[in-house]
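Welcome, and please open the model in your viewer. We will walk through its aromatic rings, one selection at a time.

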Amino acid sequence: MKWLFVLLLALIIFGGAAWFGYNTFVKEEIEVKKEQRGEVPPAPMPDISLPEFQAAAQLRQEGKLAEARDALIAFTQKYPAGLHVEEAKDLLGEVNVDILLSRYPSPEKTEYVVKSGDVLAKISRKLKTTPELIMRMNNLSGTMLRIGEHLLISRPDFSIMIQRKAKVVVLLNHGAFFKQYQVREEKLSPKQPPKITTKVAETMAWKDGKRVGLGSKDYMSSTRWIRLSAAAYTLYAMADAAHPNLTQPPPPVGLGLAASDLEELSSLVNNRTPVTITD
């Protein structure tokens, strides 16, 4: 048994020496040669932007929407190629919508008192906004108004930029980023010009294969589309968690977005909204 113990001890000693020698000399030499050939990956850079992004997200959780919006705008401008810039854009879009489509006070909103003879369409034309935007901002379940009712009104200047390669629809307000929506499906001709300048032709609402209007009882449960003046460009709804069973079949060509996204987007734009489509 002594010889077995001696053999085991020798293996431990010489094995340890070999391991030590490899790590001390051979491995070091290999690393030096890799570094000389430029093969050693650089050390990862610290994520210096994360604390600022987390602070902005915390403001939103606390309901400080205006402060969160300012912080997220500053973040995207400071870190345009940062690790969290896309997350920041998505969160900024949510905050912008939270502010716009609610009675949350903000400098861009004004108050309007309903007068005799006022209807939503008349007010929206007069104040250059949309009837549905007024409804959603003021949590109206229908189009009926009461004389003396106080409405919050916002007059955004929206435009749309569709980026085909990035598969994203970007909504701009006064030329600045407002929100982005992901394209889930693309059905377009392979030969597309590099840039198309067009506008929204109409927003459409479908229910059981028929078009419905804003005042219809079926409008709130309808499927929304946005048809552009450019041929073959219709933004159509696709089923999502909130709308799992869409009855309206998609058009033969166009871009598919989540139904919830298209429902929101269609309430913000009108037939004056300019659209730019790029690669």
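Start by selecting F178, which is buried at a relative accessible area of 7% (buried means under 20% relative accessible area, with a 1.4 Å probe and protein chains only). A note before we move on: this is a predicted model, where local features need pLDDT of at least 70, side-chain atom pairs count only at pLDDT 80 or more, and totals for chains, interfaces and linings use all residues. Residues are numbered from 1 along each chain as its sequence is written, and side-chain values use heavy atoms, leaving out hydrogens and water.

Now show W206 and W225: their ring centres are 5.3 Å apart and their planes at 55°, so the pair is tilted. (Rings of Phe, Tyr and Trp, the last by its six-membered ring, pair if their centres lie within 6.5 Å; planes under 30 degrees apart are stacked, over 60 edge-to-face, the rest tilted.) This pair links distant parts of the chain, with W206 in strand β7 (residues 195–207) and W225 in strand β9 (residues 223–228), 19 residues apart. Strands are DSSP runs of E, at least two residues, numbered from the N terminus. Both W206 and W225 are buried.

For a last stop, pick F53, F75 and Y79, a cluster linked by ring pairs.

Methods
Buried < 20%, exposed > 50% of the residue type's maximum accessible area, 1.4 Å probe, protein only. Helix = DSSP H or I, 4+ residues; strand = E, 2+ residues; numbered from the N terminus.
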